[in-house]
Each structure stands twice: as structure tokens, then as C-alpha cells.
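Subject: Structure for you to look at

Hello,

Here is the structure I said I would pass on. Please open it before reading the rest of this message.

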Amino acid sequence: MREVKDFIKDKKIDLKRLKKFGFKLKDNSYYYDIFLLNNQFKMSIKINLDNSIFTEIIDTETNETYVLHLLEMKRSGYSEKVYKTYNEVLEKIQKECFEDERFKVNYTKEIIEYVKNKYGDELEFLWEKSPKNAVIRRKSSNKWYAVILTVSKRKLNLDCDEIIEVINLHNIAEEIEKLIDNKKYFPAYHMNKKYWCTICLDGTVELEEIYKLIDISYELAE
């Protein structure tokens, strides 16, 4: 079996979803087999608890390991078809069996869950060069109502280089002016400071208060 590198970077295994998908536990690893392209190939996947993942494709006619799909320079029409099918299986496993772990703070995770449960909205990672920054937008208007960022405290004019997770939320200008104290609420990082503020997700502002501000931001994104 060959290890698949970076496939589940910043992801965390959800063991319940892994079992529901069809993976079987054996010797502290999870295994799953599937036949591809009208049973011409058998694909085996092994996932370890350290998040490492290994795959193997067997040609069912010869019972030999098939590797052409892994050789990018040599992929042609047929091996490209195998590669596409192989990749679709991995993407499905990634989507259905793993949780995003780009954000580590419990506060952030609670907020993501709140938004998902109340509004059905998911994080969107729009910037390749900033993979730990995400936006949340209202489906009906396609407008952003929250932005979650990973930044240095120094970016908020605090005398510290600690990397933290923050959320930017929208509000009316009068309320933003009242909120900003540079202790709990900061002028919005990288956004319009008249209508947005930044909150550190480190416990300085209670979750319930953040939820209320998220709801206001959501309403303003209509």
C-alpha cells in the first residue's frame, strides 16, 4: 500500500462516520474495499488513527497491483480514467468521514456549529494563501455575515505576537462605535471598520454574546 500525502491535512477522523461509511476495524487500523470500473479493479483503503491513509489498487484479472494512475507523467486515457475514479472515492471519504480541523479553538468550533445548526451555512475557504481564513455567507443574498481568521495579536494593535483565532461581524455604525473598546471588541481587521468589528475567540467575550452579534450580522446580510 502507498501512503496518500496531505490528503487529510487539517482534518480529524470521525470514527462513527468512518464505521457508517463501511470501514472495518482491524489491528488498530480501519479498512475499506470497493470495486471500480465494472469490477475491473479492487481499491483498498487503510486509515490509521494518526490520520495517515494508504491505498492500493489491484487489477482483478491479473491480481497484480496497478500503479499507472499514480504516475502523473505516464497517465493516458485509461489510466486517467482509473485515477479519476480513484480520486472520487477518496474525496467522498474525505467529505463523509472527516471533520475540518483548521480551527483549533473550542470557541471557534462552537461558533461554527451554531451557524451550521441555526442557518445551515458552512465555512468557505476562499484564499489559497490563507488556508486558515474563512467566510460565512447568507444563502439568500450571497453576502458575508461572518469572517473567521487566524491572525497575530499584533494585527489588532496588541503588544504580542501570539497567533489567535478571531471573528469579524457586521453591525450598524452606531453599534460598532459603542462596542469598540480595544479590549473585547476591536476595529475590524482587514474590513470596513465603520460597519465591522473583530472579536478574539479566546473567552474575553461570552459565546452567548457572540451568538447575538452573529444573529444581528446575519439579518444585516439580507
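Below are some notes on one helix and on the cysteines.

Please keep in mind that this is a predicted model.

The helix is α3, which runs over residues 106-119 and has 14 residues. From its first C-alpha to its last, α3 reaches 20 Å, close to the 20 Å expected at 1.5 Å a residue.

Which residues of α3 are buried? They are Y107, T108, I111, Y114, V115 and Y119. These residues lie on the same side of α3, because they cover an arc of only 120 degrees around the axis.

The buried residues of α3 have several packing partners: the strands β9 (134-137), β10 (144-152) and β11 (163-170), and the helix α5 (207-220). On the face turned away from that buried side, α3 carries the exposed residues N106 and N117. Just after α3 comes G120, with a positive phi of about 70 degrees.

Now the cysteines. How many disulfides does the structure hold? The number is zero. For C197, the closest cysteine sulfur is the one in C200, and the two sulfurs are 11 Å apart, which is too far for a bond; a disulfide would need them within 2.5 Å. C197 also counts as buried, because its relative accessibility is 2%. C97 is buried as well, at 0% relative accessibility. The cut-off for buried is under 20%.

Regards

Terms used
Residues numbered from 1 in each chain as written. Predicted model: local features only at pLDDT ≥ 70, side-chain atom pairs only at ≥ 80, totals over all residues. Heavy atoms only, no water. Helix = DSSP H or I, 4+ residues; strand = E, 2+ residues; numbered from the N terminus. Expected span 1.5 Å × (residues − 1). Buried < 20%, exposed > 50% of the residue type's maximum accessible area, 1.4 Å probe, protein only. Arc of directions from axis to C-beta. Contact = heavy atoms within 4.5 Å.
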